[in-house]
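Reader: I have the sequence and the model open. Could you take me through the fold?

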Amino acid sequence: MEPLDHLTTERENDKSAGLDEMSALEIVTLMNGEDRTVAEAVRKALPAIAEAVEAIVASFKAGGRLIYAGAGTSGRLGVLDASELPPTFGVDPSRAVALLAGGRDAVFQAKEGAEDDAEAGRRDLQGIRLESRDAVVGISASGRTPYVIGVLEYAKEIGAKAISLSCNRPARMSSIADVAIEVVTGPEVLTGSTRLKAGTAQKMVLNMLSTAAMVRLGKTYKNLMVDVKPTNEKLVDRARRILMKATGVSYEEADRALKAADLQVKVALVMIQTGSTAEEARARLEASGGFVRAAVKG
């Protein structure tokens, strides 16, 4: 395994050499300036990110799952993204999975040694019965975390789509993956603290992977989250307002349609736009593969 000082994420940042002598304003100003470079680093990786999105879409269409796997901050970011898919896009929780080195407890308390166990990565995928139709995203700032390498190697063996997300180039993980995303964020303000720029970059990329994939799967109409699950009053109110924006109906009309559709925003939207019953709207959506535009044109 390559020495740490060969990784750009582990090198010292000349701009922060006097960090311990800076005022609070100087520290946060420096950090803000460094954070400004992250979006540009992500931009350079957009072709690989788009390729990964299409791979995830293909897995979902085949009935597979999106599986994130990582250690430490990288793994926790995967947990965060996976946990948002069911309420935001109506995804079955069993199809958005996050694996974290050290298990669930590592979400709240660091278990740094867990990342060194490549076999644990393989075992964790075996534990969820990885299938060839699944898409696995291995997340590691260094690009060489043994746990994540074990995950990607097992995914390749099974025939699942293996996607790597790292913040170094060339990353060890990239040579294993079917799709390699390398976002080179450079030295951190606090040397080696990859929860900073690298973590920000990973969050940005995960936002793109999941959101773009869900859009490509028909989970939105225009830029509205029409597969949102209205599980509390705030979300029920959001659902009404989504219907108002999408169709131009009043708050009261949106409320009636939503109730008639059993709180399914997509169904209510198609009902309003086509003058159909809930049953007819569901049939239209099924015929269109869940895409509202096609269901309305039907």
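Author: Let us begin with strand 1 (residues 66-70) and strand 3 (residues 135-139), which run parallel and are joined by five bridges. Strands here are DSSP runs of E with at least two residues, helices are runs of H or I with at least four, and both are numbered from the N terminus. This is a predicted model, in which local features need pLDDT of at least 70 and side-chain atom pairs count only at pLDDT 80 or more, while totals for chains, interfaces and linings use all residues. Residues are numbered from 1 along each chain as its sequence is written, and side-chain values use heavy atoms, with hydrogens and water left out.

Reader: Which residue is the bridge partner of L66 in strand 3?

Author: The partner of L66 is A135.

Reader: And what is the strand order of the open sheet?

Author: Five strands lie in the order 2-1-3-4-5, with parallel pairing; two strands pair if DSSP finds at least two bridges between them. Strand 2 (96-100) and strand 5 (179-182) are the edge strands, each pairing on one side only.

Reader: How is strand 1 connected to strand 2?

Author: Five bridges join these two parallel strands, and in strand 2 the bridge partner of G70 is L100. The chain passes from strand 1 through helix 4 (residues 72-89) to strand 2 in a right-handed β-α-β crossover. Right-handed means that, with the strands pointing away from the viewer, the path from the first strand over the helix to the second runs clockwise.

Reader: Is strand 2 largely enclosed or open?

Author: Strand 2 is largely enclosed by the rest of the structure, because four of its five residues are buried, that is, under 20% relative accessible area with a 1.4 Å probe, protein chains only.

Reader: Changing topic: at what angle do helix 5 and helix 6 pack?

Author: Helix 5 (residues 118-127) and helix 6 pack at about 45°, with axes 6 Å apart. Axes are lines fitted to C-alpha atoms, for helices over the stretch in contact, and angles run from 0 to 180 degrees between N-to-C directions.

Reader: Which residues of helix 5 make the contact?

Author: Among them are A118, G121 and L125, while helix 6 contributes residues including Y147, G150 and Y154. Contact means heavy atoms within 4.5 Å.

Reader: Finally, which residues of helix 9 are buried?

Author: In helix 9 (residues 251-260), these are A254, D255, A257 and L258. The buried residues of helix 9 pack against helix 8 (233-247) and helix 10 (265-274).

Note on methods: Buried < 20%, exposed > 50% of the residue type's maximum accessible area, 1.4 Å probe, protein only.
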